[in-house]
Amino acid sequence: MPPSAGAARIEWAGGQMPVLRSIRARFAAERPLDGLRVGACLHVTAETANLVLALRDGGADVALCAANPYTAQSEVAEALGDGVHVGDYDAGLHAVAASDPDIVLDDGAELIAATHERLRGATEETRSGLVHVRSLDLRCPVLAVNEAEAERALNDRFGTGQSALDGIVRATHMLLAGQTVAVLGYGWTGRGIALRSRGAGASVVVCEVDPLRALEARMEGFEVLTALAAAERGDVFITVTGSRDVLRAEHFARMKHGAVLANAGHFDVEISLPDLGDAGVQVLPLVEAFEQPDGRRLNLLARGQVVNLAAAQGHPAGVMDVSFALQALSAELLARGELEPGVQAVPPAIDAEVARLKLEALGV
């Protein structure tokens, strides 16, 4: 019989993830996670499925829930079978926490917050999640995968840089060349979006409150403006700060008729929906138009959810290969139970091993 749609997607993604594939083969031989329960709160995609399969081959019993209810691929969840919870976010989170995991792999820190007192260890994938984790009185080690060098260089810059624009173009079918794109936030992810936007022919304006990052943006050839000044100039606005209400009423009041609003941050709080006005009119499947008091219309994509997953397929598998290789090797390290409680950097040796394997896969 031909594979199911979900199985076919998982196999296709796996074919573009040679680093994780090599780790999976070693895990199957060595079984470093034998007898352990792993709880994961991640986006349920074909790439994530390959991580789950690697952990299972390493001996782990894996329970998975969706880090965002809008980003779960139901056919992938079905193909993975038991232990995968999609649909209601809170119910899925509760189910994975109730599975009594030894190790947690998190994307947003909600699962860590619910379980850290009884864990052997955890990893956190996002910057906003690490802010949350660092506010906790941790009883276990948490490896900051988001701050690993390989993660920042590939996932944030090249992954979100490409996939955020992919989501915007899929949702709107707009031509980016000749547009003015305002990128709010110039961390690793914002930098990638700015670079890819410029490569697509757009004029790019960067808004950044950190003076060093703002200086970097200027020295890299981007115009740097305040968000209020950029509001008058932009055709497309992309938030990627991890902060709440980055775009709000005073910005909306200055925007052009037809401006497009997209969020590439993890949580759907960066664009203030209450300030946009009454319920929007659905003009395309992922585009809502919000009419302003003076008749202008502002177009919100995917209800302010993370646009690269809500409107596209997320990071390319070749990028997630590095991210999930880091997750798998971090889980292997945590399984040994040798680390002290608290947030810790991913060891440089793991970063270097992932980079070496990726170069080998690229024939370098």
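Helix axes are lines fitted to C-alpha atoms over the stretch in contact, and the angles between them run from 0 to 180 degrees between N-to-C directions. Helices (H or I, at least four residues) and strands (E, at least two) are DSSP runs, numbered from the N terminus. This is a predicted model, in which local features need pLDDT of at least 70 and side-chain atom pairs count only at pLDDT 80 or more, while totals for chains, interfaces and linings use all residues. Residues are numbered from 1 along each chain as its sequence is written, and side-chain values use heavy atoms, with hydrogens and water left out.

**View 1. Helix α3 against helix α15.** The axes of α3 (residues 46-57) and α15 (residues 317-335) come within 10 Å and cross at roughly 30°; the two helices are therefore roughly parallel to each other, a term for angles under 35 degrees. Contact means heavy atoms within 4.5 Å, and by this criterion E47, T48, L51 and L55 in α3 meet A317, M320, F324, Q327, A328 and A331 in α15. These residues divide into 7 nonpolar, 2 polar and 1 charged, where Ala, Val, Leu, Ile, Met, Phe, Trp, Tyr, Cys and Pro count as nonpolar, Asp, Glu, Lys and Arg as charged, and the others, Gly among them, as polar.

**View 2. Helix α2 against helix α15.** Helix α2 (residues 18-30) packs with α15 at an angle of about 25°, their axes lying 8 Å apart, and the pair is therefore also classed as roughly parallel. From α2, the residues P18, V19, L20, I23, R26, F27 and E30 meet D321, F324, A325, A328, L329 and E332 of α15; by class, this contact has 9 nonpolar, no polar and 4 charged residues.

**View 3**

**View 4. The largest cavity.** A cavity is a set of points on a 1 Å grid over the protein atoms alone where a 1.4 Å probe fits but cannot get out, and its lining residues have an atom within 4 Å of a point. The lining consists of C65, A66, H85, V86, G87, D88, Y89, G92 and L93, and α5 provides its largest share, 3 residues.

Notes:
On a 1 Å grid over the protein atoms alone, a cavity is a set of points where a 1.4 Å probe fits but cannot get out, and a pocket is an open set with protein on both sides within 12 Å along at least five of seven lines; lining residues have an atom within 4 Å of a point. Angles under 35 degrees count as roughly parallel, over 145 as roughly antiparallel, 65 to 115 as roughly perpendicular and the rest as oblique.
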